[in-house]
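Here is a short briefing to read alongside your structure.

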Amino acid sequence: MKKLLFTLLAILSVASSAYAVENYPYQSDYMWVTVPDHHDWVYDRGQDARIEVMLLKYGMPQHVKVSYSIADDMQPAIKTGDVTLKDGRAFITIPSPDRPGFRDLALEAEVDGTVYRHHIKVGFSPDKIKPHVKEPADFTDFWAANIDAMREAPLKYTRELAPEYCTDKVDCWLVKLDTDTKGHSIYGYLTMPKDAKPGSLPAVLCPPGAGIKTIKLPARNHFYAENGFMRFEIEIHGLDPRMPDAKFKEISAAVDHGNGGYLGVGADDKDHYYMKRVYTALVCANDFLTSLPEWDGRNLAMQGGSQGGALAVIGTALDPRVTLCVANHPALTDMEGYHTKGHTGGYPHFNKVKGFLDRDDYRNTLSYYDVINFGRHVNVPVYMTWGYNDNTCPPTTSYALWNTLTCPKEALITPVNEHWTSRTTNVGQMEWIKKNLR
């Protein structure tokens, strides 16, 4: 009982301190509370998980029927059933799988004519999860050649003060950076402390999450510059972030076809895949940062979440100048995992595109771009964060990467989180970088 009350109080504290918390709808009268009988939500393979379930209205336990299903991570249900909450609670057992992985308990209840849903994932020997993707024999040669080709173009950029994002402590510029000899470019906002001295600032490159969209409110990350960093927050499509949202939506709708959107473009050929120029652009962006007189000449970090978390790991592997890496719930991880029946793969979940993963040429291309294969080449400290309830970048794939890394590494695991991190976590990542500067 004490454990349950502690958990409930913690959840209510989180919900009341944020404008919107994805796991618990903002200002809803109803709240699910699910408490595994292992405090860390992790079990050894062979152990069953017992989950205490409550549904609260105005904080009071409800006496309702709850339908549930149990499934392996991102897979169809293997068991369904119903329970009635007695005295406001019930217990549901998740049976152990026959291999390391995660299982998802999905809950549903209809109250006052409205259906309320929730889910919780728990892990079974997740430290033993292994990836499916194999590294091509010419992986390192392929990327070395493409970086050399990118650098055939001289470093070229424009830099324009963005006064709308400047403060009394921070200067901000909009940068357009040419990234190859074919006319591709990226945009980004560069921030640094006002009146920064030459050779004084560690640099941080922040690639974006997935999608075709503007760079939202770069000032929200001014705490980097306020703590003595230069930070370059980029997009990857060559689109001016000052364009109206309607234009971004129009472009996104034109590209987001049924073959996986831009992440499926050119997948039949590793040399023409859309993400090739994106990956080499990461090195080009670091070329830009390290050319600035304010860079301290020693410290260069990569930091991002989701697709940006993937790109942070990739850029770290591709660029020997990178000294630290921070990645939240990285996408593009073990993407072909779904090709093995019953197994889990990473975002963008190409299993949803009919026949995609059945094609040998597509899977071959993905192997050159999968985060797992880049993770095998990372040798600097990595700080990773992920949650268990994430259905965008499922925990199975985050563990597949984590278990692959052989570099110095630290993890912040936040089981209840879906596809998000808190402001506290984001600032803590900056503090981790600061603590580990050379």
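N364 sits in helix α7, which spans residues 360–369; helices here are DSSP runs of H or I with at least four residues, strands are runs of E with at least two, and both are numbered from the N terminus. This is a predicted model, where local features need pLDDT of at least 70, side-chain atom pairs count only at pLDDT 80 or more, and totals for chains, interfaces and linings use all residues. Residues are numbered from 1 along each chain as its sequence is written, and side-chain values use heavy atoms, leaving out hydrogens and water.

**Around N364**
- N364 is partly exposed, at 40% relative accessible area (buried is under 20%, exposed over 50%, partly exposed in between, with a 1.4 Å probe and protein chains only).
- From N364 to I92 the C-alpha distance is 42 Å, and 272 residues separate them in sequence.

**The nonpolar core**
- The largest nonpolar core has 105 residues, and M275, Y279 and L289 touch the most other members (a core is a set of buried Ala, Val, Leu, Ile, Met, Phe, Trp, Tyr and Cys residues joined through side-chain atoms within 4.5 Å).
- Helix α5 (residues 275–291) gives this core its largest share, ten residues.
- A second, separate core holds eleven residues, among them Y224 and Y383.

**The sheet**
- Five strands form an open sheet with mixed pairing, in the order β2-β9-β8-β5-β6 (strands pair if DSSP finds at least two bridges between them).
- β2 (42–43) and β6 (77–84) are at the edges with a single partner strand each, so one side of each has no neighbour in the sheet.
- β5 (residues 65–72) pairs with β6 in the antiparallel sense over seven bridges, and Y68 stands opposite G81 in β6.
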